[in-house]
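Please keep the sequence and the coordinates at hand while reading.

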Amino acid sequence: MTQTTASSLIVVPCLNEAAHIGALLGHLRPAAARLGARIVVADGGSTDGTQGIVEKVAAEDPRVVLLANPKRIQSAAINLAVATLGDAADYLIRIDAHGGYPVDYCDRLIEEALATGADSVVVSMLTSGTGAMQKAAAAAQNSKLGTGGSKHRHMSAGEWVDHGHHALMRIAAFRAVGGYDESFSHNEDAELDYRLRQAGYRIWMSGSTHMVYYPRSTLKSLYFQYLGYGRGRAKNVLKHRMVPKVRQMIPLLVAPVVLLALFSFVSWLAAVPFLLWAAVCLGYGLVTAIRQRNPGIALAGVSAMVMHFGWSVGFWQQLLTPRSQRKVA
């Protein structure tokens, strides 16, 4: 692994991650030692013992810092960490508390930033699960049916992109565009990427590393997650007067299709679009399970339906809410 003189600030936004934070810090500390980096855990007010775990590690390792994030959301956590401790660093590395990372993750990010001259390095995000429901959600999120073919949902060989899962950013560029918009609780990464591109900064998708995301383990939590994603995307569209991409416009039809199906008592034709959508999703789940010889992911179609419906409801909810009543999305 190549040692570099570029300094970095590793930021971990978290809230109630006692089950994961200790192992994650143990994973990150060797990288911080190699890179001369500081690890900042920006905690949003955890009540499950997360803070105590971080404090114990910080007492043993001065590179680890616990920072209180009273605004709780991730966008505010990153902004606070950069404002408080970013002056001594060249790069910001964003780590999700509930994710998996290769041992050389941080090293590779910095190497690629230096090699390409990129202002931001994003990564592919592969989804993995353990229980039946989590495996089904992972299969849906790794598919074009579930995510519409987003580039960062699949492995990349390395390329310039418009958006990806946030991993590393040059602090000077981050500050130049004003950091994250703290009115966004979801989709803040895509919103910031838009401003970076508008300001002439370049985003590189890594071809040498990636991260693993562990999805929600219940349909209810998956629904509310995608409800937030839909609201965030709509807020992004409204703020920058953007036209949604085709892969985003298709799921927009789901909520209207479900609503239309409620009128099937008037005419059975009202249920046809809903039945077609359900057949495609459920059929996809069954075909995927058969192809992979893994009956555990047969529910991927159900997960995809929940994701589509939550995203669509969230988008329309945000779009149709009067401006004076809109909350953080």
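A patch is made of residues with over 30% relative accessible area and no salt bridge, where like charges are joined within 9 Å and nonpolar side chains (Val, Leu, Ile, Met, Phe, Trp, Tyr) within 5 Å. Accessible areas come from the Shrake-Rupley method with a 1.4 Å probe, and for residues only the protein chains shown count as cover. The model is predicted, so that local features need pLDDT of at least 70 and side-chain atom pairs count only at pLDDT 80 or more, while totals for chains, interfaces and linings use all residues. Residues are numbered from 1 along each chain as its sequence is written, and side-chain values use heavy atoms, with hydrogens and water left out.

On the surface, Leu259, Leu262, Phe263, Phe265 and Val266 form a nonpolar patch whose accessible area together is about 590 Å². Leu259 belongs to helix 11, residues 254-261; helices (H or I, at least four residues) and strands (E, at least two) are DSSP runs numbered from the N terminus.

Helix 3 (residues 74-85) has 12 residues and spans 16 Å from its first C-alpha to its last, close to the expected 16 Å, a value defined as 1.5 Å times one less than the number of residues. Its buried residues (under 20% relative accessible area, against over 50% for exposed and in between for partly exposed, with a 1.4 Å probe and protein chains only) are Ser75, Ala76, Ala77, Ile78, Asn79, Ala81, Val82 and Leu85. Among the elements covering these buried residues of helix 3 are strand 1 (8-14), strand 2 (38-43), helix 7 (171-176) and helix 8 (188-198), where contact means heavy atoms within 4.5 Å.

Helix 8 contains Asp189, which counts as buried because its relative accessible area is 17%. The C-alpha atoms of Asp189 and His165 are separated by 7.4 Å, although the two are 24 residues apart along the chain. Leaving aside neighbours within four places in sequence, Asp189 is in contact with His163, Gly164, His166 and Tyr180.

Arg195 also lies in helix 8 and is buried at 16% relative accessibility. A polar atom of the Arg195 side chain lies 2.4 Å from the backbone oxygen of Val177. Beyond residues up to four places away in sequence, Arg195 touches several residues, including Tyr180, Asp181, Lys239 and His240.

Which salt bridges link distant parts of the chain? The pairs tabulated here include Glu188 with Arg94, which are 94 residues apart. A salt bridge is a side-chain nitrogen of Lys or Arg within 4 Å of a carboxyl oxygen of Asp or Glu, and a search of the whole structure finds 12 of them.

| Salt bridge | N to O distance |
|---|---|
| Arg34 and Asp107 | 2.7 Å |
| Glu188 and Arg94 | 2.9 Å |
| Arg170 and Asp119 | 2.6 Å |

Arg34 is partly exposed at 28% relative accessible area, whereas Asp107 is buried at 2%. Glu188 and Arg94 are both buried. For the remaining pair in the table, Arg170 is partly exposed at 28% relative accessibility, while Asp119 is buried at 9%. Salt bridges that share partners also join Asp181, Glu191, Arg195 and Lys239 into one network.

Notes:
Polar contact = N/O pair within 3.5 Å; in protein donor to acceptor, adjacent residues only side chain to side chain.
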